[in-house]
Amino acid sequence: MAAGNSDDVTIFLVLFAQLKDWIDDDPLLIETTALEDIGFRDVCENVYWAGFSLESREKEDRQLFANPVDVKFVQSWREYQDHYIEKINNVVFNTEDLFKGLDLGIIQESRVISRAEIAWESANDTATQLVECIRTFFSFKQEYIYDENHELPDAYRKELLDGLNALLDLRNKLGIDFRGVFRRRELVPFVLIPRHVSPAYNTEKQDLLIDYLQQAQEAFVKGVPRASIALLRSTAEAVLRWYYQSFGNNLEEVINNAKFLPAGASQVSLHRLRTFANEILHVDQKEGSRVGSLKLQPLSDVKQELELASLLRIVRDLIESAPTHIVNAKRRY
């Protein structure tokens with residue numbers, strides 16, 4: 001995704017402002033207004049497709065963050081995702097048709113399906129389709145290589161076979177779960193690093209923060225939960241100390257002393273992350289601790305992946321909501 005200055009970002013901001021003005025900044029009015037006014041339905045569609053374009057670009061590159069981003073775009077984009085997009089989807093699409101193809105059999109019908117669980121199922125559905133495409137590709141290439149009607153030089157045929165076998169080794173010998181990797185990448189919350197969190201005057205801290213964040217994301221994607229949690233802990237502590245100017249002898253004190261925390265990265269949430277990290281960093285924890293419920297094995301099921309994804313969102317919110325007045329005040333001295 002662009003750092004907040006591209007034409008696509010500008011178009012989204014203009015359209016989103018137009019939609020908000022139409023309903024006086026009240027997302028609860030979206031669906032009723034759309035029923036009464038065909039012109040507003042067109043506005044909803046325009047905003048949806050502008051947002052869809054930005055969301056699609058978030059997954060194009062290896063990096064699952066944008067740096068640096070104007071804070072006004074960060075605020076508008078999260079407001080759109082948290083309070084508007086679900087209701088806009090209800091206007092643009094028939095909700096029943098939207099999720100009709102998802103297999104929700106893993107969710108107990110006796111309780112409400114959470115947005116996170118729906119997101120997991122959507123990601124799993126996408127990953128399953130991608131794996132099937134890979135299998136089709138492998139099958140086609142194997143048939144092509146072994147088909148005697150294709151006159152291939154022996155050296156080239158051997159090179160093709162070696163390449164296919166190397167890809168199969170990723171799954172069989174190195175334990176790469178392709179479907180899990182694709183699914184978890186879909187679940188990683190994209191981070192918009194505000195401009196004031198990555199100032200040019202402090203590239204050392206900027207580079208270290210990005211390094212922590214990227215490795216935490218990639219450890220999650222590759223199914224290595226211990227590494228991901230430990231790196232998320234380091235990222236959270238760095239952000240709290242550098243950008244919230246919160247200090248203490250340990251992370252627990254740093255969290256307790258932190259001010260201006262966002263709702264998505266409250267003290268309770270940060271202590272949950274700290275507790276998980278402590279349990280994997282200290283091997284002498286008693287049996288039956290919470291880490292036992294996570295098992296901390298290569299990720300494979302809904303509960304584990306949603307738990308880790310929620311920790312990634314905590315760190316995302318902490319970064320994106322770093323108070324500008326603290327950072328700017330520090331810059332002056």
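## Helix α3 and its cover

The buried residues of α3 are covered by elements including α1 (7-22), α2 (30-36) and α4 (71-92). This is a predicted model. Helix α3 itself runs over residues 38-58, 21 residues in total. From first C-alpha to last it reaches 31 Å, close to the 30 Å expected at 1.5 Å a residue.

Which residues of α3 are buried? They are Phe 40, Val 43, Cys 44, Val 47, Tyr 48, Ala 50, Gly 51, Leu 54, Arg 57 and Glu 58. An α-helix has 3.6 residues a turn, so residues three or four places apart point the same way.

Now look at the start of α3. There, a side-chain oxygen of Asp 37 comes to within 2.8 Å of the backbone nitrogen of Gly 39.

## Aromatic pairs

A pair of aromatic rings is described by the distance of the centres and the angle of the planes. The count for this protein comes to 14 aromatic pairs. Take Phe 12 and Tyr 80. Their ring centres are 5.1 Å apart and their planes meet at 75 degrees; angles over 60 count as edge-to-face, so this pair is edge-to-face. Phe 12 sits in helix α1 and Tyr 80 in helix α4, so the pair ties together parts 68 residues apart in sequence. Both Phe 12 and Tyr 80 are buried.

Phe 16 and Tyr 84 form another edge-to-face pair, at 5.0 Å centre to centre and 85 degrees between the planes. This pair also links distant parts of the chain: Phe 16 is in helix α1, Tyr 84 is in helix α4, and they are 68 residues apart. Why does Phe 16 count as buried? Its relative accessibility is 2%, and buried means under 20%. Tyr 84, at 1%, counts as buried too. Ring pairs join Phe 12, Phe 16, Phe 73, Trp 77, Tyr 80 and Tyr 84 into a cluster.

## A buried glutamine

Gln 217 is found in helix α9, residues 203-221. Is Gln 217 buried or exposed? It is buried, with a relative accessible area of 3%. Leaving out residues up to four places away in sequence, Gln 217 touches Leu 64, Phe 65, Val 188, Pro 189, Val 191 and Leu 312.

## The whole protein

The protein has 15 helices and 2 strands. Of its 333 residues, 42% are buried. The protein exposes about 18,500 Å², and carbon and sulfur atoms supply 51% of that area. Among contacts between residues at least 6 apart in sequence, 70% join residues at least 24 apart.

Terms used
Residues numbered from 1 in each chain as written. Predicted model: local features only at pLDDT ≥ 70, side-chain atom pairs only at ≥ 80, totals over all residues. Heavy atoms only, no water. Helix = DSSP H or I, 4+ residues; strand = E, 2+ residues; numbered from the N terminus. Buried < 20%, exposed > 50% of the residue type's maximum accessible area, 1.4 Å probe, protein only. Contact = heavy atoms within 4.5 Å. Areas by Shrake-Rupley, 256 points an atom, 1.4 Å probe, with all protein chains shown as cover. Expected span 1.5 Å × (residues − 1). Polar contact = N/O pair within 3.5 Å; in protein donor to acceptor, adjacent residues only side chain to side chain. Phe/Tyr/Trp six-rings, centres within 6.5 Å; stacked < 30°, edge-to-face > 60°.
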